[in-house]
Amino acid sequence: MTKLIVNADDFGYSKGVNYGIIEAHLNGIVNSATMMMNMYAVEHGIELAKLHPTLGLGVHLVLTAGKPLLTGLQTIVDQNGDFLKNSYWYDNPVINVEEVEKEWDAQIQKFLSYGLNPSHLDSHHHVHMTPILHPVIAKLSQKYNLPVRISPKSQIDGITPFTDQLLTDFYGSDIPINYFETIEDRINNRIESVEVMVHPALIDNYLKNGTSYCFERLTELDILTNSKLPKGVELVKY
């Protein structure tokens, strides 16, 4: 039996995202979410998370959206004080990794301040997989004794992977309607645990104006609330 975690990223981004994730949990197969602690609707997300404790909850570390929690940062923000864009991290970024560690630690501490117990760590746009940040995510993983989402065919010394396999192909405009019914075709042989990364949402103006990946989230929500799993796969809470 393969254990499946269907994790909804971006919890806290907007109220529409929050409501979509909760809908996909209560009436679908989402059993985990990760929260962006610096975004517009984080307080709203915390309220919903406490109302629905059956939803596993981790921290979606942020370096590429919105503003940091800390002030005085210089190498990871632009002239307006916003985080640098995702594209900056693609090619040998020149940054002070201590700033990243302090900011991410602040995001984790804010999560903990609400009395929540995080299941794991991952990051917006997979930025923690940038080689220069491997020591940072490893240090925080060890400090808080938390597993970390690891991208396919990757490895970071000093951390425990959240699951044995990560699937990131539930994304875009052409997601198969039967994705989960046929998920065993995507699972490696003798794998015990699999995470599927998803992004369901209800559309609101904040989401519509903030990201190009918008209406596809409605399609994700529809699939996530109308799918059944094959007999060899079961939903679990980490």
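This is a predicted model: local features need pLDDT of at least 70, side-chain atom pairs count only at pLDDT 80 or more; totals for chains, interfaces and linings use all residues.
**Helix α3**

Let's start with α3, which covers residues 97-113. Its 17 residues reach 24 Å from the first C-alpha to the last, close to the 24 Å expected at 1.5 Å a residue. At the start of the helix, Asn-96 puts a side-chain oxygen within 2.9 Å of the backbone nitrogen of Glu-98. Just past the other end, Gly-115 takes a positive phi of about 80°.

Is Glu-195 buried or exposed? Its relative accessibility is 1%, so Glu-195 counts as buried. Its side chain joins that of Arg-149 in a polar contact of 2.6 Å. Leaving aside neighbours within four places in sequence, Glu-195 also touches several other residues, among them Ile-5, Asn-7, Phe-162 and Leu-166.

**Salt bridges**

The count of salt bridges comes to eight. Three of them are listed here.

| Pair | N to O distance |
|---|---|
| Asp-10 and Arg-217 | 3.2 Å |
| Lys-67 and Asp-82 | 2.8 Å |
| Arg-186 and Asp-169 | 3.2 Å |

Take the salt bridge between Asp-10 and Arg-217. It links distant parts of the chain, with Asp-10 in strand β1 (residues 2-11) and Arg-217 in helix α6 (residues 216-224), 207 residues apart. Asp-10 and Arg-217 are both buried.

Next comes the salt bridge of Lys-67 with Asp-82. Both residues lie in the loop between β3 and α3, so the pair ties together parts that are 15 residues apart in sequence. Lys-67 is partly exposed at 42% relative accessibility, and Asp-82 is partly exposed too, at 24%.

Then there's Arg-186, in a salt bridge with Asp-169. The two sit in the loop between β5 (165-167) and β6, 17 residues apart. Arg-186 counts as partly exposed at 23% relative accessibility, as does Asp-169 at 39%.

Finally, back to Glu-195: salt bridges that share partners join it with Asp-9, Asp-122 and Arg-149 into one network.

Definitions and conventions
Residues are numbered from 1 along each chain as its sequence is written. Side-chain values use heavy atoms; hydrogens and water are left out. Helices (H or I, at least four residues) and strands (E, at least two) are DSSP runs, numbered from the N terminus. The expected span of a helix is 1.5 Å times one less than its number of residues. A polar contact is a pair of N or O atoms within 3.5 Å; within protein, one must be able to donate a hydrogen and the other to accept it, and residues adjacent in sequence count only if both atoms are side-chain atoms. Buried means under 20% relative accessible area, exposed over 50%, partly exposed in between (1.4 Å probe, protein chains only). Contact means heavy atoms within 4.5 Å. A salt bridge is a side-chain nitrogen of Lys or Arg within 4 Å of a carboxyl oxygen of Asp or Glu.
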